[in-house]
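Me: Hey, can you walk me through this one? I'd like to start with the strands and go from there.

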Amino acid sequence: MTEALITSLTIFVLATFVGYYVITKIPPTLHTPLMSGTNAISGIIILGALVVAGASDDTLSEIIAIVAVVLGAVNVFGGFLVTERMLRMFRRGDEDPKQR
Amino acid sequence: MSDQDVLNVINAVYVVAAIMFIYGMAQLRRPATARTGNRVAAMGMLIAIVATIFDREIVSYHFILPAILVGALIGAWMARTVPMTGMPQMVAIFNASGGIASALVATAALIRFNDAGTDVEVDTAIAIALGIAIGTVTLTGSLVAAGKLQGTINQNPVLLPARNVLSLAMGVIVVGLGVALVAVSEQTWLVIPLLAAGMLLGILLSIPIGGADMPVLVALFNSYSGLAAAATGFAVDNNLLIVAGALVGASGLILTTIMCRAMNRSLANVMFAGFGQSGAVVAEEGERSYRSVNAEDVATMLAYARSAVFVTGYGLAVAQAQHELRKLGDLMATRGATVRYGIHPVAGRMPGHMNVLLAEADVPYDQLYDLEETNRELGQTEIVLVVGANDVVNPQARTNPDSPIYGMPILNVDEADSCIVMKRSMASGFSGIDNDLFYMDKTAMLFGDARNSLRSLVTEVEEIIKNE
């Protein structure tokens, strides 16, 4: 195993633990916004897609990566916007629904 | 700046973005801070994308900027137009698109490596194979789930003969092709059978699963879409992909576990048992007697109740009756009653779905109680109104060891003083199990369409208030 791989695995394991502890604290009321929010975050794949698509050294890989850029952008924008739309609906009893 | 300087700046931005993702998710622990959290995470994504665009490897912007724009427009349109009842399908479609995007990036990365004649390291090849396999399974599995949720695919479990053997065999084929790709990674064409096999496996895994188990499947593929991104992150050596993918993977896995626990079933049982088709009707000998009431009787009870819990199920949303129910609750609250909404984790079509549907109908979130919170209150509650829920209030889950739902955590509505069940008829619920609650002395049945019944309840209660 290379040093880079060890580093990457460490990052993966630590992020999983952090995710576990952060997410167990989220109440059931917000589980649907959590899922659409994580949809947006999984759109992170757009970063990998951008690098391959922009490199322009090979037509086939460029085309495939462009498709991935579109799909990643769908997740990023769709995910964050629909989460925002849902969270706007949540209000406390003493808040005026017209105020939102 | 040298190329190395640019790379350092990009990586520094990635660290900030990772912190913003984690902070943003942590803010989801309270509805009051959740919107800020979502925006912080979105800002994190924005800076990460902008930083990546400056990557020196990117030499051409002709296609990537329009591609981002097209994706953004499609995503924004979906986010604006989806009805809240359609959220599970939408999340399933996002799972699918995240999954296949990861598989595509892994594929494109392999093509580039081989074209450049670079020797692909074993660990990189493993990551590529994993990214493709997980991503394709997520794609087709999620599309089947979305189709079932939308009703375009038969919601009943499709049970092929020897389906588990078939799935296992396909799983072995996927692993075999993955190993082959790692062994001879310069043979780029090997990704094609791997892509195909992964897609087939996704279909085989998801078609045997019934409509009522979709929350589990959607949560599971949510997790997979993250893991596919993380695997691809290993392949293209991008730490932010690994961090974000791991966060999503952990989130989906936790939700999967919560859903399984709420049904008292293991993930293996959900995935491979073909639940919901056996028609496990527990035949009852003879007719059991129940009490039927009309809206007027119920309105009198509700108008003078001091405490009430509304137990809502997906049937409420199907009848589009959330607004009527909220009006009824508001009326009771103006008369000094404490009104709460009791929500079982599997009440909707995905985790937390019922809460969103009620929030959309302007029910304040501090009136939404989860399983444990509701059960703490039910002993001191005067009246329970059950709308569109069935199995989750069936006392058999506690009392009858022979019942298929025995051991499932339920809302103990039979602990309240009295209980009104709104239903179309005495027909049994999705699972086909008779509900003991309906035959209890403290229970009264109000038959009819939920929306019409609630509308007449509102009118009757208003009448009572006017005549006082």
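This is a predicted model: local features need pLDDT of at least 70, side-chain atom pairs count only at pLDDT 80 or more; totals for chains, interfaces and linings use all residues.

Me: OK. Which residue is the bridge partner of Val386(B) in β5(B)?

Reply: That's Val421(B).

Me: And how many bridges join β4 to β5 in chain B?

Reply: Five, between β4 (residues 383-387) and β5 (residues 418-423) of chain B, and the two strands run parallel.

Me: What's the strand order in the whole sheet of chain B?

Reply: The order is β3-β2-β1-β4-β5-β6, six strands in an open sheet with parallel pairing. At the edges sit β3 (368-369) and β6 (443-447) of chain B, each pairing on one side only.

Me: Zooming out, how many helices does chain B have?

Reply: There are 17 helices in chain B, plus six strands. The C-alpha trace of chain B spans about 85 × 50 × 35 Å along its principal axes, and 54% of the chain's 468 residues count as buried.

Me: What domains does chain B get?

Reply: The assignment gives three stretches: domain 1 (1-81), domain 2 (86-278) and domain 3 (295-467).

Me: How far apart are the C-alpha centres of domains 2 and 3 of chain B?

Reply: They lie 37 Å apart. The two domains do touch, with 15 residues of domain 2 in contact with twelve of domain 3 in chain B. On the domain 2 side, α4, α8 and α9 of chain B each supply at least two residues. By class, that side has 14 nonpolar, one polar and no charged residues.

Me: Switching topic: how many residues of chain B contact chain A?

Reply: 97 residues of chain B are in contact with 80 of chain A. Several helices give two or more residues to chain B's side, including α1 (3-26), α2 (31-53) and α3 (64-81) of chain B.

Me: Which element gives the most to that side?

Reply: α4(B), with 18 residues. Sorted by class, the side of chain B that touches chain A has 61 nonpolar, 24 polar and twelve charged residues.

Me: Is α4(B) mostly covered or mostly open?

Reply: Mostly covered: 27 of the 29 residues in α4(B) are buried. From first C-alpha to last, α4(B) reaches 42 Å, close to the 42 Å expected at 1.5 Å a residue.

Me: And what follows α4(B)?

Reply: Gly117(B), with a positive phi near 75 degrees.

Technical notes:
Residues are numbered from 1 along each chain as its sequence is written. Chains are lettered from A and ligands numbered from 1 in the order in which they are written. Two residues are in contact if their C-beta atoms, placed from the backbone, lie within 7 Å. Helices (H or I, at least four residues) and strands (E, at least two) are DSSP runs, numbered from the N terminus. Ala, Val, Leu, Ile, Met, Phe, Trp, Tyr, Cys and Pro count as nonpolar, Asp, Glu, Lys and Arg as charged, and the others, Gly among them, as polar. A residue is buried if 20 or more other C-beta atoms lie within 10 Å of its own, exposed if 12 or fewer, and partly exposed in between; C-beta atoms are placed from the backbone. Two strands pair if DSSP finds at least two bridges between them. The expected span of a helix is 1.5 Å times one less than its number of residues. Domain bounds come from an automatic or database domain assignment.
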